[in-house]
Protein chains: 2
Amino acid sequence: MARMIHSMIRVRDETASVAFYAKALGLRVANRYPFDGFTLIYLRNDEQTFELELTVNADRTEPYQLGDGYGHLAVSVEDVEAEHARMVSEGLSPQPLKTMPLEGVEFARFFFVADGDGYKIEVLQRGGRFE
Amino acid sequence: MARMIHSMIRVRDETASVAFYAKALGLRVANRYPFDGFTLIYLRNDEQTFELELTVNADRTEPYQLGDGYGHLAVSVEDVEAEHARMVSEGLSPQPLKTMPLEGVEFARFFFVADGDGYKIEVLQRGGRFE
């Protein structure tokens, strides 16, 4: 059966992206592979096996067009308020914390933060269906 | 520490998308939440905990703009040749199987297939760094 193993995004500034994902999500570089004209970087941490793959195309200078189809990568954290405060203090400019109800009950408590290329990350309070 | 738990894409035809991901990747609907104006559908299988989240906006009729930033969701499979043949026979129109070398050694054996909205899925031979 198919196992979801990574999601790939194209980014322009490898150093900035690696630093952002380390600071924001605690992801480290598992492997880095330079190919002819592009580099692949796999980011992970010890929370599970899924990875974020960054593609850096050497000749890309203009911003990537993110469109309106792809939404975000979501993560869960133990304490979303503390994580929001940490990101504010680290200068990552997260959007405000929000609560999303479903039939009068809290469904999700979360905020969004974006990387340097504008890809959105949803940071969710762990618990309920968001383990 | 942040745990990657899902990736979200916006799709137009819930029935078609759910059928595609069931047939292509063996994903089932874990939960489905109708909100006012949109529906969230979480897809998973038993290979790991990561989910694919579909957002269906009720008023969306035109195709989503996928841009050139987001790349793909990758999955690993036990036998990529067999999986390719299966997808051909099921009418999923996968692209040709390819091998990507790195310094003379096979780095990845894979093919791409796209869902009804055009989101690409990379199907990789399991093994090496693609577990």
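Residues count from 1 along each chain as its sequence is written, and chains are lettered from A in the order in which they are written. Because the model is predicted, local features need pLDDT of at least 70 and side-chain atom pairs count only at pLDDT 80 or more, while totals for chains, interfaces and linings use all residues.

**View 1. An open sheet of eight strands draws on chains A and B.** The order is S2(A)-S3(A)-S4(A)-S1(A)-S5(B)-S8(B)-S7(B)-S6(B), with mixed pairing. Strands are DSSP runs of E of at least two residues, helices runs of H or I of at least four, both numbered from the N terminus. Two strands pair if DSSP finds at least two bridges between them. Strand S2 (28-34) of chain A and strand S6 (98-102) of chain B are the edges, each pairing on one side only. Neighbouring strands are turned by 30 degrees against each other on average, direction ignored; the axes are lines fitted to C-alpha atoms, and angles run from 0 to 180 degrees between N-to-C directions.

**View 2. Strands S3 and S4 of chain A pair in the antiparallel sense.** S3 covers residues 38-44 and S4 residues 51-57. Six bridges join them. Tyr42(A) stands opposite Glu53(A) in S4(A).

**View 3. Glu103 has a positive phi in chain A and in chain B.** Most residues other than glycine have a negative phi. For Glu103(A), phi is about 55 degrees. Glu103(A) sits in the loop between strand S6 (98-102) and strand S7 (105-114) of chain A. Glu103(A) is exposed, with 8 other C-beta atoms within 10 Å. The cut-offs are 12 or fewer such atoms for exposed and 20 or more for buried, with partly exposed in between; C-beta atoms are placed from the backbone. Glu103(B) also has a phi of about 55 degrees. Its loop lies between S6 and strand S7 (105-114) of chain B.

**View 4. Domain 1 of chain A touches domain 2 of chain A.** An automatic or database assignment gives domain 1 (1-61) and domain 2 (71-131). Their centres, taken over C-alpha atoms, are 21 Å apart. H1(A) gives the most to the domain 1 side, with six residues.
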